[in-house]
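Me: I would like to go through the terms used for this model and see what each one rests on. Please set the values against the definitions.

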Amino acid sequence: MRHDIRTEIDIEAPPEEVWPHLVDLTAYADWNPFITSATGSAEEGRRLSLRMEPPGGRAATVHPRVTQVSTAAALEWLGHLVVPGLFDVRHRFELVPAGSGTHLVQRESFRGLLVRPLRRSLDGGTRAGFEAMNTALRRRVREAHPAA
């Protein structure tokens, strides 16, 4: 079984200004309402520790491995619940230039045996968490780089 979630937002700054906030994982606790704690480094092959707190859902700490880093363009990681195939999660951020700003796409692809029973919580709290994170990232970038 597979299920995908995709959220998008426009940020009034170029990808080069958005990127540092996205990859500064230790600062997530300061601004991110969804991933409230993060440790590790946004480097391919590195393992992360991420505390996810979806609105109305149960908090969980996951330990995905970074699978792609393309500066100012894409960040991706892959995690598994207990063993691969039970509940696999591929999370991806894409920063797409849009005029003088950035179109941020945040998506997650879920695969495995537990996708069907967890689908309702994914479409509810997880999607709401992505949207809250997107809005908070836009606000953080705006505060760090006010329009001239």
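Reply: The model is a predicted one.

Me: What else describes how α1 and α3 pack, apart from the angle?

Reply: The axes of α1 and α3 are 10 Å apart. The crossing of α1 with α3 is right-handed.

Me: How do you know which residues of α1 and α3 meet?

Reply: Contact means heavy atoms within 4.5 Å. On the α1 side this gives Glu17, Val18, His21 and Leu22. They meet Met133, Leu137, Arg140, Val141 and Ala144 of α3.

Me: What makes up this contact by class?

Reply: The contact of α1 with α3 has six nonpolar residues, one polar and two charged. Glu and Arg count as charged, so Glu17 and Arg140 are the charged residues here.

Me: What is the volume of the largest pocket, and which residues are closest to its centre?

Reply: The volume of the largest pocket is about 780 Å³. Its lining has 27 residues, with Met52, Ala60, Val62, Phe87 and Leu122 closest to the centre.

Me: Which elements give two or more residues to that lining?

Reply: They are β4 (60-62), β6 (74-80), β8 (101-111) and α3 (115-144). The largest share, five residues, is from α3.

Me: How does the lining of the largest pocket divide by class?

Reply: It has 15 nonpolar, nine polar and three charged residues.

Definitions and conventions: Residues numbered from 1 in each chain as written. Predicted model: local features only at pLDDT ≥ 70, side-chain atom pairs only at ≥ 80, totals over all residues. Heavy atoms only, no water. 1 Å grid on protein atoms, 1.4 Å probe; cavity = no way out; pocket = protein on both sides within 12 Å on 5 of 7 lines; lining within 4 Å. Points joined across faces, edges and corners; volume = space filled by probe spheres on them. Helix = DSSP H or I, 4+ residues; strand = E, 2+ residues; numbered from the N terminus. Axes fitted to C-alpha atoms, helices over the stretch in contact; angles between N-to-C directions. Left-handed = near helix turned anticlockwise from the far one by under 90°.
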